[in-house]
Amino acid sequence: MTATAAAGVRPGTSRPLAGTGTLLRFALRRDRVMIPVWVAVNALMVLSMPGTLEGLYGTAAERADLVRQMETNSSLRAMVGPLFDDGLGALTAWRVGVYAAALAAVTGLLVVVRHTRDEEESGRQEVVASGMVGRRASLTAALLAAGAANAALALVVTAGLAGLGASGAVAFGLGVAGVGMLFATMAAIAAQLTESARLARGLTAGVLGGAFVLRAAGDSATADGSSVLTWLSPLGWLENLRPFAGERWWVLGLLAGAAVAQGAVAFLLAGRRDLGMSFLPTRPGPAAGRLATAGALAWRLQRGAVAGWSAGFLLAGLVYGGMTEGAAALVGDNEQVRGIIERMGGQAAITDAFMSAMIGMLGLVAALYVVASVLRLSGEETSGRAEPVLAGAVGRLRWAAGHLVVAFGGAALVLLLGGAGFAAGHGRDAGAILGACLVQVPAVWLVGGVAVLLHGLLPRAAGAAWAVAGGVLLLGWVGPALDVPQAVLDLSPFGHLPKLPGGEMDWPPVMVLLLIAGALVTVGLAGLRRRDMST
């Protein structure tokens, strides 16, 4: 195949955007479940917050006192950012703005990488490119799909918050969508630079994590968002847009300009490479070290992800540990806030309850890691890379076991590192904190067991494991604040864990969760052994 044909331009076809409309409709059809779910989860998180905050800070005096406390509480500013006004709209933007923008960024990067580098890696893009499709049509369609997702989010959020102030609602909706598009175009650049969809997603997610760290460091230093570190982070730009607190409309121009500039770079790079190639190609072999076993190969493939998640958990633990005392001081005598923390962390002293709640959050995030690691099996299978391995003297169970050891063992490792960071940041109770982190492992493994079950029995629906992990995360994060009935919270495996530190250790539910996780893995592996391999 010639370079021209490989690039997606059929002889005689010189229009670089030919076929964009068709590819966009196809992309939206493929994402008809994923995009609405991500948008709905994000919008629910945002729109549920005004009612919750009104119950927590119902009087003007309570809200004014919160503003004063945030001016002096650097640890809480590092977590959620500075508070610029005591109105309900400003409180909503303060409480969920950073997280809504981060979730929009994740949506954007997933959509773009799925319809660009994923398609090239699977070989489907080569088939598409053999038709009347322009060189830049696929990238354009991917960015338009991400734009549609962010536009839908902006419309829903703006409409839902309009009662708190029309201009603030518009600013907040556009700001969140702007951050989403900024990271979508960043993912488009990463898709041109790298030869692997996994690496493109990881690179963009790493930049997002760095943006969160920069914002946190800047916000802990200043109470008005003026730190240079805050301005270096796109998440800090959303804060400085100041929705519902004297909007700075020019910040939207900053977001739009950065997104357009990154999109232009992505289009330039897309026009300068052949299909399937990249500007940062994978290092050729032979690989250094021993790769004589399926486990060694799995570790080689996943060690980068394990290292990244480990560093992230260690850093998160340090941040959470350092802010523990500040969080206890902020709660003070507010019974509503105390009630939410106790629902998350147990009926213990407020400091122990807060630590338990934050350790529970680490467990919820670790569930995302284990799903991503388990589903690496699906990626290896559908890309055809598993076939040469299985053609040798390696059985399916040995091949899968190598990846599952990394997935389940890695989940325990990142939680331990998160606990080590928490203990270092808090300065005491290291044994109790590490024990509390280990208690999260059975629930994390159960979510991983669901991923193994789906991969083994229903490989085409294996991606539904993300919905399970997302639902568990939503229940654990938003459920207590919305006063969701305990029966609903108990649908999550994390709802059955003992609340440590501060609570009593309860072994029966922990053992039951481990047994269920083991059963799910066993059934999933049995299904994998009996079914045909995907291609």
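Student: In which loop does Pro 501 lie?

Tutor: In this predicted model, Pro 501 lies in the loop between helix H26 (486-489) and helix H27 (507-530). A cis peptide bond joins Leu 500 and Pro 501, with omega at about -5°.

Student: Why is Arg 117 called buried?

Tutor: Buried means under 20% relative accessible area. Arg 117 has a relative accessible area of 1%, so Arg 117 is buried.

Student: What makes Glu 120 count as buried?

Tutor: The cut-off is again under 20%. Glu 120 has 15% relative accessibility and therefore counts as buried.

Student: How do you know that the side chains of Arg 117 and Glu 120 meet in a salt bridge?

Tutor: A salt bridge requires a side-chain nitrogen of Lys or Arg within 4 Å of a carboxyl oxygen of Asp or Glu. For Arg 117 and Glu 120 the N to O distance is 3.5 Å, so the pair meets the definition. Side chains of opposite charge can pair when their charged atoms come close.

Student: Why are Arg 117 and Glu 120 separated by about one helical turn?

Tutor: Arg 117 and Glu 120 are separated by about one helical turn because they are 3 residues apart in helix H8 (residues 117-122).

Student: What makes the contact between Glu 380 and Arg 376 a salt bridge?

Tutor: The cut-off is within 4 Å. The N to O distance between Glu 380 and Arg 376 is 3.1 Å, so this pair also qualifies. Glu 380 and Arg 376 are 4 residues apart in helix H20 (residues 376-382), which means a separation of about one helical turn. Glu 380 and Arg 376 are both buried. Elsewhere, salt bridges that share partners join Arg 117, Glu 120 and Arg 273 into one network.

Student: How do you know that Glu 239 and Arg 215 form a salt bridge?

Tutor: Their side chains meet at 3.3 Å, N to O, and the definition asks for a distance within 4 Å, so the term applies. This pair links distant parts of the chain: Glu 239 is in helix H14 and Arg 215 in helix H12 (residues 197-221), 24 residues apart. Both Glu 239 and Arg 215 are buried. In total, the structure holds 11 salt bridges.

Student: Which residues are closest to the centre of the second largest cavity?

Tutor: Of its 15 lining residues, the closest to the centre are Phe 84, Ala 93, Trp 94, Glu 239 and Pro 243. Helix H7 (88-114) and helix H14 (234-241) each give two or more residues to this lining, and H7 has the largest share, with 5 residues. By class, the lining has 12 nonpolar, 1 polar and 2 charged residues.

Student: Why is Arg 242 called buried?

Tutor: Arg 242 has a relative accessible area of 18%, and buried means under 20%, so the term applies. Arg 242 lies in the loop between H14 and helix H15 (250-270). Arg 242 has a positive phi of about 55° although it is not a glycine.

Conventions. Residues numbered from 1 in each chain as written. Predicted model: local features only at pLDDT ≥ 70, side-chain atom pairs only at ≥ 80, totals over all residues. Heavy atoms only, no water. 1 Å grid on protein atoms, 1.4 Å probe; cavity = no way out; pocket = protein on both sides within 12 Å on 5 of 7 lines; lining within 4 Å. Nonpolar A, V, L, I, M, F, W, Y, C, P; charged D, E, K, R; others polar. Buried < 20%, exposed > 50% of the residue type's maximum accessible area, 1.4 Å probe, protein only.
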